[in-house]
Amino acid sequence: MTAAGRGRGRDLGRPGFALYLTGGTLAALIFLLPLAWAVLRSIMPSALVTQAPSAGDFSHLTTANYSGLIQANDILRYAANSLGVAVGTGLLTAVIATMAGSGSPASDSAARAWCSRSCWSR
Amino acid sequence: MLLVTPAVAMVALFVLFPLGFAVYISLTNWPLIGPYHFIGGQNYSLLVHDPQFIHSVLFTLLYTAIVTGPIFLVGYAMAVLVRSGRFGSVFFRTAFFLPFIVGLATESFMALLELQPDSGAADYVLSKIGLAHAGTAWTVDYGLALTAICVFVTWFASGLTMMLLMAGMQGIPSELYEAAEVDGASWWQKEWRITLPLLRRNIALALIISVIGSFLAFNQFYILTEGGPGTSTQPVVMWIYQEAFVQYHLGYATAGAVALVVVIGIISAAQFYLLRDDNGRRARR
């Protein structure tokens with residue numbers, strides 16, 4: 001935290017900082033604008049999405065897509081299913097991986113000795 | 001030892017057994033339903049003479065050859081940009097990594113919508129700045145579709161390379177750079193003489209993950225081109241999918257899948273070997 005704090009104060013006056021900020025912002029826009037545009041598409045009426053773009057598109061924003069999503073589908077059920085799978089996977093992985101990762105010191109050093117001989121990583 | 005048992009059991013049950021079973025299926029004429037019999041290596045000898053399979057392999061190789069470089073270079077440049085804890089670097093990291101979080105399938109549908117001639121935003125913007133004609137049908141032309149998908153995948157995947165390289169860069173002791181600065185090293189010299197050599201293992205990991213990802217490419221092609229026009233943009237995994245679940249040749253498709261596993265294994269081993277840490281070993285001696 002203190003290192004970051006010191007870094008920030010020092011950065012602002014540094015040469016190249018303006019370049020870093022400009023380059024970073026431009027690059028961030030390349031990554032964020034398409035995603036933001038997709039969010040905007042989701043609040044456009046579907047008829048407009050498949051039409052030629054015009055400036056008037058933005059004056060017809062609607063939440064109909066979202067309310068339709070909840071009414072016409074079992075989307076909440078699907079989301080709950082995904083959540084169940086995610087939580088289950090996380091818990092099971094945490095338990096099994098922790099158990100597999102925490103050997104006794106003897107097995108740990110044995111594993112390391114084996115690894116230093118035959119693994120690609122040191 | 002007892003504690004490792006559940007993990008070993010899981011790996012055996014969900015990795016080793018299915019893999020062995022897949023090899024067995026590939027030696028039969030397995031249909032989706034009904035009886036099957038053992039036919040030995042017949043699927044494999046058919047495979048190497050199947051023009052459709054060979055085309056999909058060559059196309060996957062071409063695709064991998066095109067995207068690996070840009071993903072690595074863009075990822076490396078972004079890692080350089082965000083590796084120090086400068087003001088805004090956390091925001092930039094998040095922004096660059098966000099496409100990877102949102103997911104390839106979702107974004108493929110976004111891309112499909114925006115690449116539509118006359119109504120898509122990409123088509124509109126590119127024609128306004130003069131990079132393409134208005135009403136370009138991006139997804140039904142081999143060259144255009146391949147170009148669009150390569151740009152799209154670079155946009156999607158370079159964030160992961162950035163994360164992997166950034167973690168490695170932050171692990172390099174700052175004393176090395178300070179010593180180099182005292183000796184009057186330029187930015188390029190520090191990057192070339194310190195960062196790159198010490199980053200070999202991270203570079204190897206980033207490249208292997210990227211190449212494996214390209215070999216297993218499916219979503220973007222399935223959603224954007226459906227392999228078309230014809231089967232010209234059909235990667236190997238889509239060939240496997242078509243053969244298994246459209247043609248119901250499960251044994252034959254599995255032979256293709258086993259061949260893909262072997263090829264990926266060989267290429268990964270070659271990359272590990274080429275990018276092995278021999279510099280460090282020599283220094284330690």
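Predicted model: local features only at pLDDT ≥ 70, side-chain atom pairs only at ≥ 80, totals over all residues.
Visitor: How many helices and how many strands does the secondary structure of chain B come to?

Guide: Chain B has 14 helices and zero strands, and its C-alpha atoms fill a box of roughly 75 × 60 × 35 Å along the principal axes.

Visitor: What percentage of the residues in chain B is buried?

Guide: Of the 285 residues in chain B, 42% are buried. In soluble globular proteins, nonpolar side chains tend to be buried together. In this model, the largest nonpolar core has 73 residues, and those with the most contacts inside it are B:Tyr63, B:Phe96 and B:Leu165. The largest share of this core, 13 residues, is supplied by helix 7 of chain B, residues 142–170.

Visitor: Which residues is B:Tyr63 in contact with, leaving aside its neighbours within four places in sequence?

Guide: Among them are B:Leu146, B:Ile149, B:Cys150 and B:Val153, and the list also includes B:Ser214 and B:Phe221.

Visitor: Is B:Thr60 buried or exposed?

Guide: B:Thr60, which is found in helix 3 (residues 51–82) of chain B, counts as buried because its relative accessibility is 1%, and the cut-off for buried is under 20%.

Visitor: Where do polar atoms of the side chain of B:Thr60 lie relative to the backbone of B:Ser56 and of B:Val236?

Guide: A polar atom of that side chain lies 2.6 Å from the backbone oxygen of B:Ser56, while the backbone nitrogen of B:Val236 lies 3.0 Å from a polar atom of the B:Thr60 side chain. Leaving aside neighbours within four places in sequence, B:Thr60 is in contact with B:Ser214, B:Phe215, B:Pro235 and B:Val236.

Key. Residues numbered from 1 in each chain as written. Chains lettered and ligands numbered in written order. Heavy atoms only, no water. Helix = DSSP H or I, 4+ residues; strand = E, 2+ residues; numbered from the N terminus. Buried < 20%, exposed > 50% of the residue type's maximum accessible area, 1.4 Å probe, protein only. Polar contact = N/O pair within 3.5 Å; in protein donor to acceptor, adjacent residues only side chain to side chain. Contact = heavy atoms within 4.5 Å. Core = buried A, V, L, I, M, F, W, Y, C linked by side-chain atoms within 4.5 Å.
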